[in-house]
Amino acid sequence: MTTVFTNVSKGVVASSAELRKAFGTDDQKECCKRILEQGEIQLSEQERKAQLEQTFKDIATIVAEKCVNLETGKPFPPGIIERAMHEVHYSVHPTKNAKQQALQVIKLLQEKSNLKIARAKMRILLAQITPSVKETLVKENLLGEVETERPQQGASDRLQITTLIDPSSFRQLNDIVKKGNGTVEVLAHNAATDHTE
């Protein structure tokens, strides 16, 4: 049996007149079919709370993966990030995804928390780099700590550089390198947790 309610919690069943006004018919099955096809799911208060709590944990996990402790150079555990988020009174935005919010949380924690937190450096390999492109990257402060630098085999004016960079400068660095016909390869998104060496 199908029944359409105007108020489920109070058990108020919709009258034929209300059904005709809303759906153009008073056929309960037809009305239910339209509700299922075109209606929106309404979450209960408990479901909404559970969803927000899960998003809060997801944000903390993403922040923990993307950041390091400035004093130790090691990643923070997600639990410490969650505590810091509570301390700065961060509220989850229900319509934004966790990744977008994580970037906002990083800035917020840098400004308002006692955590010595910074984005983890990316380890990248720059290949086919000319000295002029390297000079441009240095001038623009895009080239981080250079780990290795060696001439490319068979091309005396070309270099291969492994370096650590701030993730926020990746796009600009990539554009400059590609304009100079070089290539960029990400070796590790978070050099602090990369154990390939």
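Helices (H or I, at least four residues) and strands (E, at least two) are DSSP runs, numbered from the N terminus, and this tour uses those names throughout. The model is predicted, so that local features need a pLDDT of at least 70 and side-chain atom pairs count only at pLDDT 80 or more, while totals for chains, interfaces and linings use all residues. Residues are numbered from 1 along each chain as its sequence is written, and side-chain values use heavy atoms, with hydrogens and water left out.

Begin by colouring the protein by pLDDT, the predictor's confidence in each residue, from 0 to 100. The average is 88, and 95% of the residues score at least 70.

Next, select helix 5, residues 98-112. Its expected span is 1.5 Å times one less than its number of residues; for these 15 residues that should be 21 Å, and the end C-alpha atoms are 20 Å apart, which agrees.

Now show the side chains of helix 5. Ala98, Gln101, Ala102, Val105, Ile106, Leu108 and Leu109 are buried, where buried means under 20% relative accessible area, exposed over 50%, and partly exposed in between (1.4 Å probe, protein chains only). An α-helix has 3.6 residues a turn, so residues three or four places apart point the same way. What covers these buried residues includes helix 3 (45-66), strand 3 (67-69), helix 4 (78-87) and strand 4 (117-119).

Lys99, also in helix 5, counts as exposed at 53% relative accessibility. Leaving out residues up to four places away in sequence, Lys99 touches Ile62 and Lys66, a contact being heavy atoms within 4.5 Å.

Select Lys66 again when you turn to the largest pocket, which is lined by 14 residues, with Lys66, Arg119, Met122, Pro167 and His189 nearest its centre. Helix 3, helix 5 and helix 7 (170-179) each supply at least two residues of that lining.

Move on to two residues with positive phi. Most residues other than glycine have a negative phi. His89, in the loop between helix 4 and helix 5, has a phi near 60° and is exposed, with a relative accessible area of 67%. Gln128, found in strand 5 (residues 122-129), also has a phi near 60°, but Gln128 is partly exposed, at 29% relative accessible area.

Then select Thr25, in the loop between helix 1 (16-23) and helix 2 (28-38). A polar atom of the Thr25 side chain lies 3.2 Å from the backbone nitrogen of Asp27, and, not counting residues up to four places away in sequence, Thr25 touches Leu19, Arg20, Glu30, Cys31 and Arg34.

Finish at Thr162 in strand 7 (residues 155-165), which is buried, with a relative accessible area of 12%. Apart from neighbours within four places in sequence, its contacts are Arg123, Ile124, Leu125, Glu145, Val146, Glu147, Thr148 and Leu187.

Conventions:
1 Å grid on protein atoms, 1.4 Å probe; cavity = no way out; pocket = protein on both sides within 12 Å on 5 of 7 lines; lining within 4 Å. Polar contact = N/O pair within 3.5 Å; in protein donor to acceptor, adjacent residues only side chain to side chain.
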